[in-house]
Amino acid sequence: MSSDSSIKIESVLQEQRIFTPSKEIADSSRIGSFDEYQQMVDAAKTDPEGFWGNAARKELHWFQPFQKVLDWSNPPFARWFDGGKTNISFNCLDRHLGSSKADKNALIWEGEPGDVRTFTYRELHQEVCRAANALKTLGVEKGDLVALYMPMIPEAAIAMLACARIGAPHSVVFGGFSAEALRDRLIDGEAKVVITADGGFRKDKVVPLKPAVDAALADGACSTVKSVLVVKRTNQTVEFEEGRDNWWHELVSIQEADCPAESMDSEDRLFVLYTSGSTGKPKGVVHTTAGYNLWAHLTFKWIFDIKEDDVYWCTADVGWITGHSYIVYGPLSNGATTVMYEGAPRPSNPGAFWELIQKHRITIFYTAPTAIRAFMKSGRSIPDQYDMNSLRLLGTVGEPINPEAWIWYRDVIGGSRCPVVDTWWQTETGGVMISPLPGATPTKPGSATFPLPGIEADVVDMNGESVQTDEGGYLVVKNPWPGMMRTVHGNPQRFRDSYWEYLRPLDGSYIYFAGDGARRDSDGYFWIMGRVDDVINVSGHRLGSMEIESALVSHPAVSEAAVVGRPDDLKGEAIVAFVTLETGRVVNEQLIKDLRSHVGLEIGPIAKPDEIKCSDALPKTRSGKIMRRILRALAAGEEVSGDTSTLEDRSVLDKLRE
């Protein structure tokens, strides 16, 4: 992060368009006006323990009631709902079995080749119980860590719920990670069992997984791992080690379809999820049972205004926090129907997403801005071929969304009728922190709008003091919330240093900061400006890369843009823009000149890129995030270093080097 004593980010790009919820949407919403939202905010601020305690009692099942809502006596280490006993697998499954939800679809899954499997809540409960009993036969006990390294198949969600059911924390390692990255996480987490698959399907290719597990476990590097459970998905030939490896279909199918849910303390570990940084060892983010369950449940209910007949689809992977909170735990805790998809849009089926929406009559669609910009590049001719009138709500997640992409998403995919909920949150927060509520919040394209009830967010300077309107600063949260991470696995000092010590207000209080810059406009709307590391210092002007990218994408020739700084002897840093063009556009000197002028008009002359590089694609993770760290190295003429295991397509890097 920046080591400057203060941060002032130039914020000149203004967005004037505003979209107010229609009367029809407001009248049918759980939270139907901004006044209602404000009343919830005021209630949480006036009596936070009463607010959270009442919510926990109402929304979750408890085997034993909690005695204390919040223990904040040892900040930044919080304890929520102390004395209570619950189980998130029970809250996601068992409590629905005595109602009409028992025979409602809990999970609809579609594989990339087109195979479909559906599970009612009753059927999913039985599968989870069988998997939980199988884990027990492998010697997994309460407290043992189970690692998952899987494709997007139903067994991934089943395994997560099975682990939670028996009190074994899970650590889902994204299937795009290398064997080396997997090994690091297995060793750090001291995993006892690994659940994987022979492979998965993605973009018309078979992606092998079991060989990476074998490589990670080679030479006894992960001595704690005793067993491997393998799902047969692609029918590849895989090596099996006698006494260690087991087929899922052979072991799970013979188990009893009943397994009582373990009574878990509120603060028992639920999962460890690793975040990969540009340098240093990945951080194992620890989330615990009750607080995480409540926050995933509430945020899903509020933001997506979930209704009984909704069919909800989040396009994330369960290897990321979005998949944990908004494919598995949030939807199922609410008794919703959640969709999982194994594949992605690809040359053989560029309309894969829209085909799924049409086929399954999906009503709520939650995806990443990167995906939306990719769809924009290919134009509206593909989505226009599909009937998406079932959609009623759109969401975005993962990074700030450019205003032009927001408008395209609303108009082309949402038919100009669907509200867009642009959500800001992080692995560490457990669930969404800043977001519109579809029936209550007037939206501005590109703004995540306002913090959710109970979340006291602010934009501050290095001393923790609130900055002026439209002045860039550090985005912080000033009070504890139930879904917050509890620590870094095995390293509480790193938790303190990384998130709570970087900014210390003059009064000595603790505020949470995880690296994002933001500003607030005159109406109080929050605008996320990207990572503080992505701020570019040009002749003393600190410019948010996000706003320059938004200016570039608003030009009709540009599909996607990533902006970074490179060292410059005269100005400190020069602005380098990497752009992909709309299909049919040709790179020439006049276009580059037009793009520079366009940024100057949108933001100001100081923000004009010094260099614009056009590329067919940008380096991204498989979750869709642009790897700006790589672009910074390329712009500076340096060798790319650090962890590149999440890079989806290495050929993009090779082409950019050329």
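Helix 2 gives the most to the lining of the second largest pocket, contributing six residues.

The space in the second largest pocket comes to about 460 Å³, and its lining is made up of 24 residues, among which V41, K45, G454, I455 and E456 lie nearest the centre. Helix 2, covering residues 34-46, and helix 3, covering residues 48-59, each supply at least two residues of this lining. Sorted by class, the lining of the pocket holds 16 nonpolar residues, together with four polar and four charged ones.

**The cavities**

Rolling a probe the size of a water molecule over the atoms shows where empty space is left. A search of the whole structure finds three cavities of 30 Å³ or more, and the largest cavity has a volume of about 50 Å³. The residues that line the largest cavity are S171, V172, V173, F174, F177, R185, L273, Y274, G319 and W320. Strand 8 (170-172) and strand 15 (269-275) each supply at least two residues of that lining.

**A hairpin**

Strand 10 (residues 199-202) and strand 11 (residues 205-208) run antiparallel and are joined by four bridges, and G199 has P208 in strand 11 as its bridge partner. The two strands, strand 10 and strand 11, form a hairpin with two residues between them, and in the turn K203 has a positive phi of about 50°.

**The chain and the confidence of the model**

The chain contains 19 helices and 31 strands. Its radius of gyration is 24 Å, close to the 26 Å that the globule rule gives for 658 residues, so the chain is as compact as a globular protein of that length. Along its principal axes, the C-alpha trace of the chain spans about 70 × 60 × 50 Å.

The average pLDDT of the chain is 92, and 95% of the residues score at least 70. Over residues 1-12, however, pLDDT stays under 50, although the model has 46 contacts beyond four places in sequence for these residues. Where pLDDT is low, the predicted coordinates should not be read in detail.

How values were computed. Residues numbered from 1 in each chain as written. Predicted model: local features only at pLDDT ≥ 70, side-chain atom pairs only at ≥ 80, totals over all residues. Heavy atoms only, no water. 1 Å grid on protein atoms, 1.4 Å probe; cavity = no way out; pocket = protein on both sides within 12 Å on 5 of 7 lines; lining within 4 Å. Points joined across faces, edges and corners; volume = space filled by probe spheres on them. Nonpolar A, V, L, I, M, F, W, Y, C, P; charged D, E, K, R; others polar. Pairing = 2+ DSSP bridges. pLDDT = per-residue confidence, 0-100. Contact = heavy atoms within 4.5 Å. Rg over C-alpha atoms; globule rule 2.2 N^0.38 Å.
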